[in-house]
Amino acid sequence: MIACSRCGASNPEDARFCVGCGSRLGSVCSACGAELTGPVRYCPSCGANVAQVSADEQRKVVSVLFADLVGHTSRSDGADPEDVRDVLREYYRAVKATIERFGGVVEKFIGDAVMAVFGSPVARGDDAERAVRAALAIPGIIEQLNETSPHPDLEIHLAVNTGEAVVTIEPGSPDGDLLVAGDVVNTASRLQGAAPPGRVLIGEETFRATRRVIRSEPVPAVAAKGKREPIPAWMAIEALVPLSVRPAEMTFVGRERESDLVRDTWSRAVAERRPHLVTILGEAGIGKTRLAEELSFDVKATGGQAFHVRELPYEQSSGYETFVQLVHEVAGIFGSDPNPVATAKLEASLDHLGLVDPALVQLLSVFARTPEAVADDRRSLFEAARRYVEALASRTGTLIVFEDVHWAHPSTLDLITSLAGRARDAPILFLALARPELLDLRPAWGGGLSSSTTMRLEPLPPAAAHWLAAGLVGEGRPELAERIELAASGNPLFIEEMAAWMLERDGTDDELPTTVRAMIAARLDALPREERDVLFDASVVGKVFWAGPLASLRPDEADLDEILGSLERRDLIRLERASAVEGDDEYTFRHILIRDVAYATIPRRARRERHEAVARYVEEAAPDAAAVAAILAYHWREAGDPERAVTYLLIAAERAEQAWAYPEAVALYEDALGLIPKDDDRRRSIGLRRSVAGIRHEHTVMDEEQLKRLAADGSS
Ligand SMILES: Nc1ncnc2c1ncn2[C@@H]1O[C@H](COP(=O)(O)OP(=O)(O)O)[C@@H](O)[C@H]1O
Ligand SMILES: [Mg+2]
């Protein structure tokens with residue numbers, strides 16, 4: 001049997017696709033994408049050394065489960081050794097099966113102890129929860145063994161701990177040979193040592209990650225040898241909701257042709273070390289992000305790296321939003337990091353990438369938005385960005401996904417185009433996802449590039465749509481699935497929302513909304529009042545939001561946590577594992593349309609106070625208001641405070657100029673002018689600055705065109 005590395009299902013030895021989730025079994029050559037069967041060292045189709053690529057060590061967040069039969073050795077005194085062996089064999093078999101059923105991998109058996117890992121080779125977002133559920137199921141196995149074996153009274157002690165570990169995956173073995181090391185393992189083992197018989201102790205991160213779905217009680221911290229501080233611990237009691245009630249991510253359906261195309265392009269970019277830009281166009285909810293996630297899953301599973309960055313739907317920006325996110329993500333910079341910390345992290349990260357030239361470091365700090373960052377001209381800034389991505393991809397195939405590019409500002413679009421056109425000798429795929437409006441903004445998008453592919457994502461074919469609908473409403477309700485399939489016109493988000501709607505009201509007959517927006521609006525409408533209000537508040541913050549500002553908006557609401565938990569169970573929002581604001585939970589709307597519809601539903605007057613609360617929160621939480629000036633300007637304007645908005649618009653404009661993002665600067669100055677009274681003295685100077693920024697931009701573009709022509713002449 002081989003276990004699927006994705007869903008954990010057991011498959012026959014010769015299976016190529018998983019019987020449980022349909023994903024491809026076995027590993028794939030990261031150089032050419034060919035399928036690898038068995039533990040090969042060299043790819044049979046291109047000769048790449050696959051052993052070297054995939055034996056890599058990775059730092060990952062995992063959940064470690066420890067189970068130990070305590071006192072078993074003494075109890076087996078005088079027992080028939082053969083009986084003992086039988087009982088033990090049955091114990092190993094049953095525990096391993098349970099762990100695998102919940103998606104874990106048994107790392108090793110140590111005497112009577114079992115150590116299992118959740119979250120590697122494949123992380124699933126709810127690994128901690130699965131690990132605790134598996135642990136909670138194990139005492140039942142022991143009880144059964146005690147009932148059936150001739151030597152009863154086995155006792156088990158269990159613990160789960162979550163944290164970062166160094167994971168080594170042995171080459172060519174999707175189902176195992178995993179080596180996990182790190183403090184998280186030692187701590188798990190200590191917790192297990194302190195667990196009462198038949199009970200599960202969990203560490204702090206595990207508790208945080210599971211507190212909405214598993215009831216746990218605090219217990220005294222566990223003192224441990226070699227640790228200065230005792231380890232905070234909780235005892236997991238029971239699951240609050242069955243695993244299946246939560247709308248699980250559905251199997252990826254249809255899209256064979258599109259998947260093949262992006263996979264092929266990826267393989268070629270990697271094998272030839274030639275950067276390529278793929279643009280996927282499609283309406284909201286059609287599946288662009290999901291397609292990118294599937295590719296990114298494959299990329300990571302084969303030793304490559306993938307980054308996801310997204311544009312924000314704000315009208316204003318100081319430029320290069322997505323690239324700033326990329327640099328932040330690579331360097332591990334958080335929004336709440338004070339400037340010196342951010343600068344130190346950036347320098348360490350650039351150093352690690354081998355980018356040590358001080359002039360280059362200075363230019364790249366523009367993308368980290370540190371205050372001293374100024375670029376001399378746009379060309380050198382873009383050159384610096386090019387060298388950055390080349391360095392990033394120097395060691396391994398690299399996928400960079402730009403989400404929601406239709407919201408990108410002109411400088412970002414220029415930057416992506418420039419990177420895709422100029423990066424050399426690096427295995428990079430730039431994947432831009434956008435609604436079709438992108439072409440209104442840039443009719444010639446991708447056109448001038450030799451290595452660019454644009455494709456449109458069409459509605460799902462009927463068979464795939466049916467599959468998805470049937471999977472969501474569950475077996476035995478074909479008429480429901482059919483109604484959804486007919487009404488949703490192949491838009492998977494529409495299908496999901498409609499299925500949720502039907503399940504929430506148990507399929508009762510209703511006129512079905514005819515657009516995905518109307519569908520979402522209907523769902524929001526039917527929410528309990530306090531949940532809807534919290535969702536409205538959150539929509540003012542954005543696609544990503546934090547609990548902090550929501551709490552400040554409703555100081556009397558004691559149950560904010562509960563409400564967020566309920567919205568999470570309805571799969572309208574998701575709790576993120578890591579937060580960009582230290583000490584505050586970070587959430588995202590499951591889809592940006594849910595955010596948009598919620599926001600559009602708030603009455604205008606009610607928006608104001610919410611925007612004000614958010615603005616105040618951001619001012620307080622961000623260590624450097626200038627770095628988020630464009631966002632603050634937006635919130636203050638919507639809060640009906642033009643004075644404050646103007647202040648931030650001018651700061652944001654200055655930032656944009658320093659970063660050579662002149663079109664953004666012009667737009668910001670114009671916005672400021674729009675908010676200042678007609679007879680205000682400042683109009684002249686702001687008007688002047690706007691004009692200068694406009695002229696500078698024209699010059700930049702002209703110079704670049706001229707250079708391009710010169711270069712073309714020289715080479716012809
Ligand atoms: N081919 C597919 N099979 C199964 N589910 C899908 C598929 N495509 C999209 N989905 C689901 O539909 C929802 C919307 O898709 P998403 O990729 O976010 O759309 P977009 O990025 O185009 O707005 C997501 O929950 C996603 O998981
Ligand atoms: Mg998307």
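Colleague: How many aromatic pairs does the count come to?
Modeller: This is a predicted model. Rings of Phe, Tyr and Trp pair if their centres lie within 6.5 Å. By that rule, the number of aromatic pairs is ten.

Colleague: Take the rings of phenylalanine 323 and tyrosine 388. Is the pair stacked or edge-to-face?
Modeller: Their centres are 6.0 Å apart, and their planes stand at 65 degrees. Planes over 60 degrees apart count as edge-to-face. So this pair is edge-to-face.

Colleague: How many residues apart in sequence are the parts that this pair, phenylalanine 323 and tyrosine 388, ties together?
Modeller: Phenylalanine 323 lies in helix α9, residues 321–331. Tyrosine 388 lies in helix α12, residues 378–392. The pair therefore ties together parts whose separation in sequence is 65 residues.

Colleague: Are phenylalanine 323 and tyrosine 388 buried or exposed?
Modeller: Buried means under 20% relative accessible area. Phenylalanine 323 and tyrosine 388 are both buried.

Colleague: Now phenylalanine 545 and tyrosine 587. Are their rings stacked or edge-to-face?
Modeller: The ring centres lie 5.5 Å apart, with the planes at 10 degrees. Planes under 30 degrees apart count as stacked. So this pair is stacked.

Colleague: Which strands hold phenylalanine 545 and tyrosine 587?
Modeller: The pair ties together parts that are 42 residues apart in sequence. Both residues are buried. Phenylalanine 545 lies in strand β18 (residues 544–546), and tyrosine 587 in strand β20 (residues 586–589).

Colleague: Which residues do ring pairs link into a cluster?
Modeller: Phenylalanine 323 and tyrosine 388 belong to it. With them, the cluster is Tyr320, Phe323, Phe367, Phe382 and Tyr388.

Colleague: Let's turn to helices α24 and α25. Are they roughly parallel or antiparallel?
Modeller: Helix α24 (residues 629–638) and helix α25 (residues 642–658) have their axes 8 Å apart and pack at about 160 degrees. An angle over 145 counts as roughly antiparallel. So α24 and α25 are roughly antiparallel.

Colleague: How many nonpolar residues are in the contact of α24 with α25?
Modeller: From α24, residues including Leu632 and Trp636 meet residues of α25, among them Tyr648 and Ile651. By class, the contact has two charged residues, no polar ones, and its nonpolar residues number ten.

Colleague: Is arginine 273 buried, exposed or partly exposed?
Modeller: Arginine 273 is in the loop between α7 (256–271) and β13 (276–281). Its phi is positive, about 50 degrees, although it is not a glycine. Its relative accessible area is 30%. Buried is under 20%, and exposed is over 50%. Arginine 273 is therefore partly exposed.

Colleague: And tryptophan 660: is this residue buried or exposed?
Modeller: Tryptophan 660 is in the loop between α25 and α26 (662–675). Although not a glycine, it has a positive phi of about 65 degrees. At 17% relative accessibility, tryptophan 660 counts as buried.

Colleague: Step back to the whole protein. What percentage of its residues count as buried?
Modeller: The protein has 27 helices and 20 strands. Among contacts between residues at least 6 apart in sequence, 67% join residues at least 24 apart. Of the 716 residues, the buried share is 52%.

How values were computed: Residues are numbered from 1 along each chain as its sequence is written. Chains are lettered from A and ligands numbered from 1 in the order in which they are written. This is a predicted model: local features need pLDDT of at least 70, side-chain atom pairs count only at pLDDT 80 or more; totals for chains, interfaces and linings use all residues. Side-chain values use heavy atoms; hydrogens and water are left out. Axes are lines fitted to C-alpha atoms, for helices over the stretch in contact, and angles run from 0 to 180 degrees between N-to-C directions. Helices (H or I, at least four residues) and strands (E, at least two) are DSSP runs, numbered from the N terminus. Angles under 35 degrees count as roughly parallel, over 145 as roughly antiparallel, 65 to 115 as roughly perpendicular and the rest as oblique. Contact means heavy atoms within 4.5 Å. Ala, Val, Leu, Ile, Met, Phe, Trp, Tyr, Cys and Pro count as nonpolar, Asp, Glu, Lys and Arg as charged, and the others, Gly among them, as polar. Buried means under 20% relative accessible area, exposed over 50%, partly exposed in between (1.4 Å probe, protein chains only).
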